[in-house]
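Hello,

Here is the structure we spoke about, for you to look through. My notes follow below it.

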Amino acid sequence: MTTLPDRPNTALLIIDVQNGVVATAHNRDDVLANINTLIGKARAEDVPVIWVQHSDDDLVRGSESWQYVPELERHDPEPLVHKLYGDSFEDTELEALLAERGVGRVVVTGAATDMCVRSTLHGAIARGYDATLVTDAHTTEDLTAYGAPPPAQVIAHINLYWNWQTAPGRRGDTAATAEVTFTPTDAG
């Protein structure tokens, strides 16, 4: 349903699965295993896999905390988008990379659920993309000390409301790792 003309393809986005972001993340190992499953499936189907890497005062470019986790391996031809803001589209080359590949739908995974994943989902819809959130392939850390709900509730809430997200000519939806397909006619 994307509003972007001549963009029938889907891409897999892997957002900020960096050492400093997921060190204490909820259900970390299962989420990483699910992301690896999706990477393998996308590569087998020649679906673009696009990696996103955040930098800020706590994730200093080149530092150990800034590095992607060793459990996930990026292949050289797969683009790496460097960002400074929560929304992976904001002030990055992500839009140009997706346009070059004819992508009108993104399948979103990564961290942190309540920050960069959520911001990127909304950024995608606002820019005309369909956006599928993989319900068991995103995570966040425990921020209850700052008044946030426990991580499992944050994740469940984003999964709940994203499944019903719509805008004129585009939609958000959700799918578990086992349900994800990358075909243009797929509903999830």
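Phe-89 is buried, because its relative accessibility is 5% and the cut-off for buried is under 20%. Please keep in mind that this is a predicted model. The ring of Phe-89 pairs with that of Tyr-129: the centres are 5.3 Å apart and the planes meet at 40°, so the pair counts as tilted. Tyr-129 is buried as well, with a relative accessible area of 0%.

Asp-91 is exposed, at a relative accessible area of 64%. Its phi is positive, about 60°, although Asp-91 is not a glycine.

How many aromatic pairs does the structure hold? There are three. Another of them joins Trp-51 and Tyr-68, which are edge-to-face, with 5.0 Å from centre to centre and 75° between the planes.

Is Pro-77 buried or exposed? Its relative accessibility is 68%, so Pro-77 counts as exposed. In sequence Pro-77 lies 29 residues from Pro-48, and in space the two are 9.6 Å apart, C-alpha to C-alpha.

Pro-48 comes up again among the contacts of Thr-10. Thr-10 belongs to strand β1 (residues 9-15), and its relative accessibility of 3% means that it counts as buried. Once neighbours within four places in sequence are left aside, Thr-10 is in contact with Val-47, Pro-48, Val-103, Arg-105, Val-107 and Phe-182. With Arg-105 there is a polar contact between the two side chains, at 3.3 Å. The side chain of Thr-10 also reaches the backbone oxygen of Phe-182, at 3.3 Å.

Two backbone points remain.

- Asp-46 has a phi near 55°, which is a positive value in a residue other than glycine. Asp-46 is in the loop between α2 (28-44) and β2 and is exposed, with a relative accessible area of 71%.
- The peptide bond from Ala-111 to Ala-112 is cis, and its omega is near -15°. Ala-112 belongs to the loop between β4 (103-111) and α4.

The largest pocket has a space of about 310 Å³. Which of its 13 lining residues are the closest to its centre? They are Val-21, Asp-56, Leu-59, Met-115 and Glu-141. Two helices, α1 (19-22) and α4 (113-126), each supply at least two residues of the lining. By class, the lining of the largest pocket is made up of six nonpolar, three polar and four charged residues.

Regards

Terms used. Residues numbered from 1 in each chain as written. Predicted model: local features only at pLDDT ≥ 70, side-chain atom pairs only at ≥ 80, totals over all residues. Heavy atoms only, no water. Helix = DSSP H or I, 4+ residues; strand = E, 2+ residues; numbered from the N terminus. Buried < 20%, exposed > 50% of the residue type's maximum accessible area, 1.4 Å probe, protein only. Polar contact = N/O pair within 3.5 Å; in protein donor to acceptor, adjacent residues only side chain to side chain. Contact = heavy atoms within 4.5 Å. 1 Å grid on protein atoms, 1.4 Å probe; cavity = no way out; pocket = protein on both sides within 12 Å on 5 of 7 lines; lining within 4 Å. Points joined across faces, edges and corners; volume = space filled by probe spheres on them. Nonpolar A, V, L, I, M, F, W, Y, C, P; charged D, E, K, R; others polar. Phe/Tyr/Trp six-rings, centres within 6.5 Å; stacked < 30°, edge-to-face > 60°.
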